[in-house]
Amino acid sequence: MSSLACSDFILCLKIADHSKPYTDDTFHVLSENHLEIAVYSLFQGDDEDFPVANNGDDSTSQFTVTQLPHKVLDGLWESLIYAERIPEAMLRIIMRMMKLSKQPHLNPAVIYWHNLVLLYGPPGSGKTTLAQALAQKLSIRLGKVYSATKLIEVNSHTLLSKWFGESSKLVGKLFETISSISADETLLTVVIIDEVETLAGSREKAAQSNECSDAIRSTNELLQGLDKLRKRPNVVFICTSNLKDNMDVAFVDRCGIKQFVETPNNECAYEIFRSVINELIKNGLVFFDASDFQHDSILHETLPEIPIVGDSSPMISNSSSLHVPSPSLLVRTSESYDSSLDNLLYIPELGWVGIHLFHCTKTAPRELWRIARKASGLSGRTLRRLPILAMAKYTIEEPCDLHELLAALKTVVKEENKAKFGDEPGPNKSKEHKSNQSGFSEDELASLDHIRDLSMEGLGEELGNDQESAIM
């Protein structure tokens, strides 16, 4: 750090990514790497609304324009949880393609690249959040290439008019505005079209069902607008859809990148629950009992002691020393340890649980893992709201006890499953039921010494070999 010219002005340095696609290194030697430092400030202004022009409908905004990077989107990238390394891969591919498209001597008639990204998958899987996080990240990473970045978020439903012929005109005006904004080559323009199937519906299906020709004209206008902006390397379209099969074939064919975003698996469900509960603990809404991590002597050998001074952290139990995993000890054990109480993760990552709490079946992390397995098939949007719903519905006051919250969470997960799947078992639940023919409940099986906990079967070996492969 002392060798950097700006070292005197750096308060902290966060390694956000590495150019090597899928590195397994837990640390990088500075002398062997070239640092690219992105210095930026977050905008805090309001979005600029563009109302629909004279279409006879309600005066709602056709799209909004936001200057990036923006404070509202700060931290969004870190909140993304997927089973695969989708965000990192998408960011790397988009940046590489944008760099290649700027090569001045490439013949566009030979080299074909459409600046169009399609994120598709079931509802609530995090497609829109991923699109916004990518836009924020691109504005930071490309800060040295473009002087400014603007995010245009299109409200697709406002482009559909009850007046014949008006929808296609609105789509045409939208692309005229995007073209005008992106005319400045020093400005990066990221356009997010949520629920793009509204504008890019299949023309073949529309013709077969004798639908209004205005829908076909709107799709034609969309395709023409995308083709006109294809040659601008400073424009990126990121579209999301829950209904890929209903989209026009020509539109899907134009998408340079197509990425399926699936419903969170069990491991992702655990991490989503964990992030929400840790935020509640951090803000003093949930009482954390440090003794929950003291059931195994291995913890005392692995974790550092953190003295608690006075009442600086009211949500932590009064004990002489606190044994909890720090962020640096969960996966990347070689990183430096931060003893600040504000940075503690009270519920550890699943990789840490699989190694250090494998034989401790009654701890809060193990109970949370059992609950996460019961949440199989629920969307990411649902998973994020359930801990708050559980706290509001089944606890009396704040701060509530962590185990009380987990009991409430278990109940609301059961209720959510019944509301979504009825009496039928959800995805992966029928297989779990067949594997348990002993007559014991899962909690009873967890207490047997020779069986331990079926919910952790195979987890220790899997996460021990590659702790970062399952969770990002």
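I started with two helices: the axes of H11 and helix H13 (residues 402–421) come within 10 Å and cross at roughly 5°. The axes here are lines fitted to C-alpha atoms, for helices over the stretch in contact, with angles running from 0 to 180 degrees between N-to-C directions. H11 and H13 are therefore roughly parallel to each other, given that angles under 35 degrees count as roughly parallel, over 145 as roughly antiparallel, 65 to 115 as roughly perpendicular and the rest as oblique.

Before going on, I noted the ground rules. This is a predicted model, in which local features need pLDDT of at least 70 and side-chain atom pairs count only at pLDDT 80 or more, while totals for chains, interfaces and linings use all residues. Residues are numbered from 1 along each chain as its sequence is written, and side-chain values use heavy atoms, with hydrogens and water left out.

**Who touches whom between H11 and H13**

I listed the residues on each side. From H11 I have Ala364, Glu367, Leu368, Ile371 and Lys374, and they meet Leu402, His403, Leu406, Leu409, Lys410, Val413 and Asn417 of H13. Contact means heavy atoms within 4.5 Å. Helices (H or I, at least four residues) and strands (E, at least two) are DSSP runs, numbered from the N terminus.

I then checked how covered H11 is: ten of its eleven residues are buried. Buried means under 20% relative accessible area, exposed over 50%, and partly exposed in between (1.4 Å probe, protein chains only). The buried ones include Arg366, Arg370 and Arg373.

**Aromatic pairs**

How many aromatic pairs does a search of the whole structure find? It finds three. Rings of Phe, Tyr and Trp (its six-membered ring) pair if their centres lie within 6.5 Å; planes under 30 degrees apart count as stacked, over 60 as edge-to-face and the rest as tilted.

I took Tyr120 and Phe260 to begin with: their ring centres are 5.5 Å apart and their planes at 55°, so the pair is tilted. This pair links distant parts of the chain, with Tyr120 in strand E3 (residues 116–120) and Phe260 in strand E7 (residues 257–260), 140 residues apart. Phe260 is partly exposed, at a relative accessible area of 40%.

Next I looked at Tyr270 and Trp369, whose ring centres are 6.3 Å apart with planes at 70°, so I logged the pair as edge-to-face. It also links distant parts of the chain: Tyr270 is in helix H7 (residues 266–282) and Trp369 in helix H11 (residues 364–374), 99 residues apart. Tyr270 is buried at 0% relative accessible area, and Trp369 counts as buried at 3%.

Back at Tyr120, I found the charged end of Lys244 over the ring, 5.2 Å from its centre. For that call, NZ of Lys or CZ of Arg has to be within 6 Å of the ring centre and within 35 degrees of the ring normal.

Most residues other than glycine have a negative phi, and most peptide bonds are trans. I went after the exceptions. The bond from Leu68 to Pro69 is cis, with omega near -5°, and Pro69 lies in the loop between strand E2 (61–68) and helix H1 (86–101). The bond from Glu398 to Pro399 is cis too, with omega near -5°; Pro399 is in the loop between helix H12 (380–394) and strand E11 (400–401).

Glu195 has a positive phi, near 55°. I placed Glu195 in the loop between strand E5 (187–193) and helix H4 (203–208), and at 41% relative accessibility it counts as partly exposed.

Leaving aside neighbours within four places in sequence, Tyr40 is in contact with Pro69 and Ile140. Tyr40 sits in the segment before strand E1 (48–51) and is partly exposed at 42% relative accessibility. I also noted that the C-alpha atoms of Tyr40 and Gly143 are separated by 7.8 Å, at 103 residues apart along the chain.

Is Ser182 buried or exposed? Ser182 is buried, with 1% relative accessible area, in the loop between helix H3 (166–181) and E5. Ser182 and Asn234 are 7.2 Å apart, C-alpha to C-alpha, and 52 residues apart in sequence.

**Whole protein**
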